[in-house]
Amino acid sequence: MELKHISQFKKVNDYKHIWVFSYFIIYVPWYFGLQNFREVICYDVYTKIDALIPFVSWFIYPYIYWYLFVAGTIYFLFFADKKEFYQCVTFLFVGMTICLIIYTVFPTSFNHRPEIITGSPLSVYLTQWIYSADQCENVLPSIHVFNSIACMIALLKSQHLKNYNWVKIFVIGSTILITLSTMFVRQHSILDAIAASCLSIILYIFIYKKDILSKYINHS
């Protein structure tokens, strides 16, 4: 009986890193507070390049697939490797916090959605649903793009996937499609994607190249 209790304790202790999800206690009210509870003048990030990008309704599928891509990455790393999990969520949460700070001090918008949504009935429905749920404010940098790049880096750097080239190709393709989808469904400007990419590069250097978390993770 005692050994059984020890075994159960070890199982619980193995997953004590679940505490990091308490971050959303801060993130969710902050994000939706900015979206719904303040009236400010936003800087329009629309560019001449955006004017050349058409609305393509089927891109709504990779846009929504982002939710599964991010959740699946976090789920996999949570059980696969504690260090890789901490690196990924640190990348995600620090970047998301930086985005919220930028949204707070420098509000932006991209209100250039099509007046008439064309496409298949399902793609039209999903686009309308996304438009109603996700307002066109606080767009630079794009969290959609940033999180996709962060998850891509985490999976490409994972020691558990280093021998699975097909997975790497799939992950890179997913990130490219998700990034393009933000522009082709008229949710984001190309500037939003560029800003998210630049933020990703900076955090990649600190979290993966310099490995600043190693001494903390090894003692957790």
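## The largest pocket

In this predicted model, five helices each supply at least two residues to the lining of the largest pocket: α2 (24–36), α4 (60–80), α5, α6 (121–133) and α7. Which helix gives the most to this lining? Helix α2 does, with a contribution of seven residues.

Rolling a probe the size of a water molecule over the atoms shows where empty space is left. The volume of the largest pocket is about 710 Å³. Its lining consists of 34 residues, and those closest to the centre of the pocket are Tyr27, Tyr31, Trp66, Tyr67 and Ile143. By class, the lining contains 22 nonpolar, nine polar and three charged residues.

## The overall arrangement

The protein contains 10 helices and two strands. Read from the N terminus, the order of these elements is α-α-β-α-α-α-β-α-α-α-α-α. The C-alpha trace spans about 65 × 40 × 35 Å along its principal axes.

## Helices α4 and α5

Two packed helices are described by the angle between their axes and the distance between the axes. For α4 and α5, the axes come within 8 Å and the crossing angle is roughly 145 degrees. Helix α4 contributes Thr73, Ile74, Leu77 and Phe78 to the contact, while α5 contributes Glu84, Phe85, Cys88 and Leu92. Six residues of this contact are nonpolar, one is polar and one is charged.

## Helices α5 and α7

Helix α5 (residues 82–105) also packs with helix α7 (residues 143–157). Their axes are 10 Å apart, and the angle between them is about 165 degrees. The crossing of α5 with α7 is right-handed.

On the α5 side, the contact is made by Glu84, Cys88, Phe91, Leu92, Gly95, Met96, Cys99 and Tyr103. On the α7 side, the residues are Ile143, Phe146, Asn147, Ala150, Cys151, Ile153, Ala154 and Lys157. The contact of α5 with α7 comprises 12 nonpolar, two polar and two charged residues. Glu84, Cys88 and Leu92 of α5 take part in this contact and are also found in the contact with α4. Ile143 of α7, another member of the α5 contact, is among the residues closest to the centre of the largest pocket.

## Helices α7 and α9

Helix α7 has a further contact, with helix α9 (residues 190–209). Here the axes come within 8 Å and cross at roughly 35 degrees, and the crossing is right-handed.

From α7, the residues involved are Val145, Phe146, Ile149, Ile153, Ala154 and Lys157. They meet Ala193, Ala196, Ser197, Leu199, Ser200, Leu203, Tyr204 and Tyr208 of α9. This contact has 11 nonpolar residues, two polar residues and one charged residue. Phe146, Ile153, Ala154 and Lys157 of α7 belong to the contact with α9 and also to the contact with α5.

Most residues other than glycine have a negative phi, and most peptide bonds are trans. What kind of peptide bond joins Leu140 and Pro141? The bond is cis, with omega about 0 degrees. Pro141 lies in the loop between α6 and α7.

Asn138 is likewise placed in the loop between α6 and α7. The phi of Asn138 is near 60 degrees, which is a positive value in a residue other than glycine.

Conventions
Residues numbered from 1 in each chain as written. Predicted model: local features only at pLDDT ≥ 70, side-chain atom pairs only at ≥ 80, totals over all residues. Heavy atoms only, no water. Axes fitted to C-alpha atoms, helices over the stretch in contact; angles between N-to-C directions. Helix = DSSP H or I, 4+ residues; strand = E, 2+ residues; numbered from the N terminus. Left-handed = near helix turned anticlockwise from the far one by under 90°. Contact = heavy atoms within 4.5 Å. Nonpolar A, V, L, I, M, F, W, Y, C, P; charged D, E, K, R; others polar. 1 Å grid on protein atoms, 1.4 Å probe; cavity = no way out; pocket = protein on both sides within 12 Å on 5 of 7 lines; lining within 4 Å. Points joined across faces, edges and corners; volume = space filled by probe spheres on them.
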